[in-house]
Amino acid sequence: MRDSTMSIFRLLRIILLSLAIPLLYLHRLTNAPILYLNVDDTLPTISKTKRPSILTQHYEVLEDTVRLLFMENDADAIQYLEENPFHSFKFYTHQLPPGVVTVDMVSSCHEKLGAEGENLPIGEFVKQYCDWSESPCTPMRKTSSPYSKRRNNYNIDSVMARLFTEYFGPLRTSNVSHATLKIVPFPGSWWNGHCLSWFGGDQSNNLKLLQKSSEISLTDASTLFFFMNKAATLSVDFLATSRPGELVIPYVNANIEYQPDRLISNMNSTQLEKFYTNKVYALAAVYSVKIHGNGYARRDFTARIDEFFGNGTRKYNNGTLGDRKVYIEVIGGFKRTIPDEAGTMQRYRESIFCPCFRGDRPDVKRFFDVLLSGCIPVIMTDYSEDDTPEHFSGASNAVIYPWAKGSFGEDFPTMGIDYSKLVIEISEKECYVDCMVATLEKLLKDPEVMREKQKNIAKYARFFAYGMQKNAFQHVDAMSALLVRARHYALHEAPSK
């Protein structure tokens, strides 16, 4: 009898271990808290025994975001956090009403159209071409350009919609009355217009359905809406704008190397010094001279490449700046896309300076790629009447850049990133591209000034990375900055009713 009982216990022990080990292994792989269903809430959340520590972790991320946004102004950051505590912060993600296109529908549309374009079954297309991240499926490569199709420029609404829809952690509530922010996860950008039409509608039709919803208020200052509109609605976009409630955000870089847990922001001082010391190139620039906007700077720079860096640089890429090589690739013809994304990003990481000429609009994807890569952006700079630097003529940096100093309202002048501490500014009025080389050569001989720029970039690069999958809502990044910025608008800037 005793032997039989012992056998049963051994069997039970084996069964329990066989169940527990995969669970613990999965937990270690994902490096995420194990979620349990809490009977007090309809959403899967952390169980009561673990909730305090996990909530503390999430709130600390938001508090650290605020501290960084005050850039060394510790007293102002402490006062802000005392007056605007995060201990009760929650967001609520609306369920879209019937008839409104969802991010899953948009993703399936991209998969179908992509599979048709590549003449493949959908399953095979997804296996071969789909990006790893939570953005809609888009081809990772194409004969003419692996860059343009791997990461399209206008997928931010879909990325955010999926992140806010699929997140079920402690920052999300199922009770709208408990929410500081309400999220409308509608992927309604013009980029997805053809997919909206594919499901029998367009932007305006979907917007009308949202406006008719009894549960969604698009004019509520605490409702975050991913759609360009002229109402006093909290929304996000790339375009520089001074319309109330429109927040400027960085592009999405879905490359694994630029996830928050892999950035230079996570390096210790020894690793960072090694990263900067081992730079291969003094300068790297990969760009096209064909833009719809004002391309005079990039055209003039291109015409004088050999003059600046030595004969043969344009043709053979054998130029130098100081005692280091330069890498310059001018994309020919009317192409607007980089032919080798991985190689380009690697050269940005290996370079000290990266010129970022203005694009068609103030928002230039290269600017964020360069910062994420730890390269110092070189910006042609104009100045306003009060001598305030403008990196895009006629538009304040506070309007152009995400989370910028001056964009949080007159009552918070010290809040936000001072981009002048991250870039090299070349005056358009004084010397234009003529003095770029001389300026950069001088900086190469002044390592203290250069290293200060690099350290600032390492500190703030995290604000341009979107944590996805296991990184979602776990780090100080673009999403934590968005939550802080949107909450700030709802509390301090929204028009009073």
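Me: How are aromatic pairs defined, and how many are found in the whole structure?

Reply: Rings of Phe, Tyr and Trp (its six-membered ring) pair if their centres lie within 6.5 Å; planes under 30 degrees apart count as stacked, over 60 as edge-to-face and the rest as tilted. A search of this whole structure finds 25 aromatic pairs. In the case of Y460 and F463, the ring centres are 6.3 Å apart and the planes stand at 25°, so the pair is stacked. The model is predicted: local features need pLDDT of at least 70, side-chain atom pairs count only at pLDDT 80 or more, and totals for chains, interfaces and linings use all residues. Residues are numbered from 1 along each chain as its sequence is written, and side-chain values use heavy atoms, with hydrogens and water left out.

Me: Are Y460 and F463 buried or exposed?

Reply: Buried means under 20% relative accessible area, exposed over 50%, and partly exposed in between (1.4 Å probe, protein chains only). Both Y460 and F463 are buried.

Me: Which residues form one aromatic cluster?

Reply: One cluster is formed by Y251, F367, F368, Y401, Y419 and F464. F367 and F368 are also among the buried residues of α15.

Me: Why is helix α15 described as largely enclosed?

Reply: Helices (H or I, at least four residues) and strands (E, at least two) are DSSP runs, numbered from the N terminus. In α15 (residues 365-372), 8 of the 8 residues are buried, so the helix is largely enclosed by the rest of the structure. G374, with a positive phi near 80°, follows α15.
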